[in-house]
Amino acid sequence: MAARPTKSYGKKKYNFKDNRFNLQPDMKGFLCTCNYGEKDCQKEAINLLREYSEEKDKSSKDTISTVEESGEIMDSLDAELESLSKKDNADWKKFTPSATGVGNCLFISTTVEDPCDLMYKILEDIEKTKVQKTKFLLRMLPILVTCKANITSIASACTILLPKYFSTEPTTFAIMFNHRYNNSVPRDKVIEELANQVVSFGQHTVDLSGGAKMTIIVEVVKSVCCLSVVRDYARFCKFNLLSVCGRPEKRTVEGEDGDTEKSSSPKVKKQEENNQVKENSEVEKMESEPGEENTEKSEN
């Protein structure tokens, strides 16, 4: 006998995807990566972007509002509260996290006009102060536009993106291609297509030694391609925040005579101490040997 079909009781499950907070074409923002702790990385990225974007807004606009003497105090307070609520809503929408579907990789979409300018400000400040701003967030790439992950869409998006950076004076450039969870986009064909477009704008030369002035970033994340054009890619350590922070000048320690000595790592210091102990022991042996000979002569 055939088994009776089992009835399922309870609410029906609807399988649908909400793409409102997923990485999609026609977006701009910041591609962030970490080794672990995606939620903490997301919080650090948004807080960091809000911190420097607020400083930029303060420098561009004077946020202090003057109250007229003839106006009433309550009206001024109501106007200030309304302006603060509008500002909070604008800040909330300015940086929005978007899922990429790839582990330890997330995207922060933004309404900022040029994400690269904000990223340069963050990196230059970290490079100057040598203060570590993040613990989980490692790398943050500014993305100017996203498109579908195929050669046709990438080429059409670059025809709009590249003229802004390569239509002026000749410069050196490089192309950085990376893919995650996608093997259908041919790397060589994409690089060849973008290089031909750049060369068609002027007498630009390829520099693969790490000193290129402009770098075209192509990040393929599943079915979406993130595109950007940045400067000083090698100077900012491939936009790795911890690497930029971890390049302080060599510290010097004053000796007893006022001479400066370079501080070394703990392993080197331990090795130097061991070598010093060996040298001291050898000197003690050398000093003890003549004393022993003198005692023998006196006995004879």
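Which strands form the open sheet of 5 strands, and in what order? Let us find out in a few close-up views. This is a predicted model, in which local features need pLDDT of at least 70 and side-chain atom pairs count only at pLDDT 80 or more, while totals for chains, interfaces and linings use all residues. Residues are numbered from 1 along each chain as its sequence is written, and side-chain values use heavy atoms, with hydrogens and water left out.

View 1. The order of the 5 strands is β5-β9-β8-β6-β7, with mixed pairing. At the edges are β5 (145-148) and β7, each of which pairs on one side only. Strands here are DSSP runs of E with at least two residues, helices are runs of H or I with at least four, and both are numbered from the N terminus. Two strands pair if DSSP finds at least two bridges between them. Strand β6 (residues 172-180) pairs with β8 in the parallel sense, over 8 bridges. One place to look is Phe 173, whose bridge partner in β8 is Met 214.

**View 2. Helices against the strands.** Helix α4 (residues 151-161) packs on the sheet and touches β5 and β9; its direction makes about 30 degrees with that of β9. Helix α6 lies across β6 and β8, and runs at about 150 degrees to β6. Contact means heavy atoms within 4.5 Å. For the angles, axes are lines fitted to C-alpha atoms, for helices over the stretch in contact, and values run from 0 to 180 degrees between N-to-C directions.

**View 3. Aromatic rings in pairs.** The structure holds 4 aromatic pairs. One of them joins Phe 166 and Phe 173, edge-to-face, at 6.0 Å centre to centre with 75 degrees between the planes. Rings of Phe, Tyr and Trp (its six-membered ring) pair if their centres lie within 6.5 Å; planes under 30 degrees apart count as stacked, over 60 as edge-to-face and the rest as tilted. Both Phe 166 and Phe 173 are buried. Phe 236 and Phe 239 also form an edge-to-face pair, at 6.1 Å centre to centre and 70 degrees between the planes. Together with Tyr 233, Phe 236 and Phe 239 form one aromatic cluster. Phe 236 counts as buried because its relative accessibility is 0%. Buried means under 20% relative accessible area, exposed over 50%, and partly exposed in between (1.4 Å probe, protein chains only).

**View 4. A charge over a ring.** Arg 231 lies over the face of Tyr 120, at 4.0 Å from the ring centre. A charge sits over a ring if NZ of Lys or CZ of Arg is within 6 Å of the ring centre and within 35 degrees of the ring normal.

**View 5. Two lysines with positive phi.** Most residues other than glycine have a negative phi. Lys 222, in the loop between β8 (214-221) and β9 (224-231), has a positive phi near 55 degrees. Lys 222 counts as partly exposed because its relative accessibility is 36%. The phi of Lys 238 is also positive, near 60 degrees, and Lys 238 is found in the loop between β9 and α7 (241-245).

**View 6. A glutamine in a loop.** Gln 203 is found in the loop between α6 (187-201) and β7 (205-206). Is Gln 203 buried or exposed? Gln 203 counts as exposed because its relative accessibility is 69%.
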